[in-house]
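Here is a short briefing to keep beside the structure while you look around.

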Amino acid sequence: MSINLIVCHDINGAIGYKNKLISHQSADLKRFKQITQGHFILMGSTTYKSIGKLLPNRHNIILSRNKKFHVPGAFVRHSIADVIKEYKLNNNEQELFIIGGEQIYRQAIKYANKLYVTIIDHEFDKADTFFPNINMDEWKLIDYEKHQADENNDYNYSFLTYKRI
């Protein structure tokens, strides 16, 4: 049973601009799909609206303060604490992945056991949402892959996986 954050950001922590991802790196999107398939994903309602659909082959949980918010096929919850409690009570074999946005990451980081991070080796000019600064003394790097830009990926990037110490 693991609670994970998964994120892609630039060298300054930028994750988005005007409710869109900061970049669409093909390798990151493939990694995201591979890692999260068959598991629970938790996103804020703004992230859900920016994606525009539920993600297939995953148990979609959408966090919203609006008690009337409803999405057929998704679990809608109103607090991260409730999601975590429910997840732990059910002792799920599937992992829980927090997929954004900024406010959800800020609230969920204290519950996370693992971080799956893609860092794009670029500084984007326009950004309005950021991955929160976290105390890296609480984390140990357990996997690292550096990649070069190619025909499917506009920028150099790295995959990093951290485990909470």
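In β7, L96 is the bridge partner of I3, and that pair is a handy place to begin. Please keep in mind that this is a predicted model. The two strands involved, β1 (residues 3-10) and β7 (residues 96-100), run in the parallel sense and are joined over three bridges.

**The sheet**

- β1 and β7 belong to an open sheet of eight strands, ordered β6-β5-β4-β7-β1-β8-β11-β10.
- Pairing within this sheet is mixed.
- Which strands stand at the edges? They are β6 (75-77) and β10 (139-147); each has a single partner strand, so one side of each is left without a neighbour in the sheet.
- From one strand to the next, the twist averages 20°.

**A helix on the sheet**

- Helix α1 (residues 26-36) packs on the sheet, where it touches β1, β4 (40-44), β7, β8 (114-120) and β11 (157-164).
- The direction of α1 makes about 30° with that of β11.

**The nonpolar cores**

- The largest nonpolar core has 25 residues, and those touching the most other members are L5, L42, I80, L96, I98, Y105 and L115.
- Two or more residues of this core come from each of β1, β4, β5, α3 (80-89), β7, α4, β8 and β11.
- Which element gives the most to this core? It is α3, with four residues.
- Setting aside neighbours within four places in sequence, I80 is in contact with L42, L63, I104, Q107, A108 and Y111.
- There is also a second, separate core of 15 residues, and among its members are I41, Y48, L55 and A74.

- The buried residues I80, V83, I84 and Y87 are found in α3.
- Viewed down the axis of α3, its buried residues fall within an arc of 95°, so they line one face of the helix.
- The elements covering these buried residues include β1, β4, β5, β6, β7 and α4.
- On the face turned away from the buried side of α3, you will find the exposed residues K85 and L89.
- After α3 comes N91, which has a positive phi near 45°.

**Backbone details in the loops**

- The peptide bond from G100 to G101 is cis, and its omega is near 5°.
- G101 sits in the loop between β7 and α4 (102-108).
- K18, a residue other than glycine, has a positive phi near 50°.
- The loop holding K18 lies between β2 (14-17) and β3 (20-21).
- Is K18 buried or exposed? K18 is exposed, with a relative accessible area of 59%.
- N57 is likewise a residue other than glycine with a positive phi, here near 60°.
- With 55% relative accessibility, N57 counts as exposed.

Technical notes. Residues numbered from 1 in each chain as written. Predicted model: local features only at pLDDT ≥ 70, side-chain atom pairs only at ≥ 80, totals over all residues. Heavy atoms only, no water. Pairing = 2+ DSSP bridges. Axes fitted to C-alpha atoms, helices over the stretch in contact; angles between N-to-C directions. Contact = heavy atoms within 4.5 Å. Buried < 20%, exposed > 50% of the residue type's maximum accessible area, 1.4 Å probe, protein only. Core = buried A, V, L, I, M, F, W, Y, C linked by side-chain atoms within 4.5 Å. Arc of directions from axis to C-beta.
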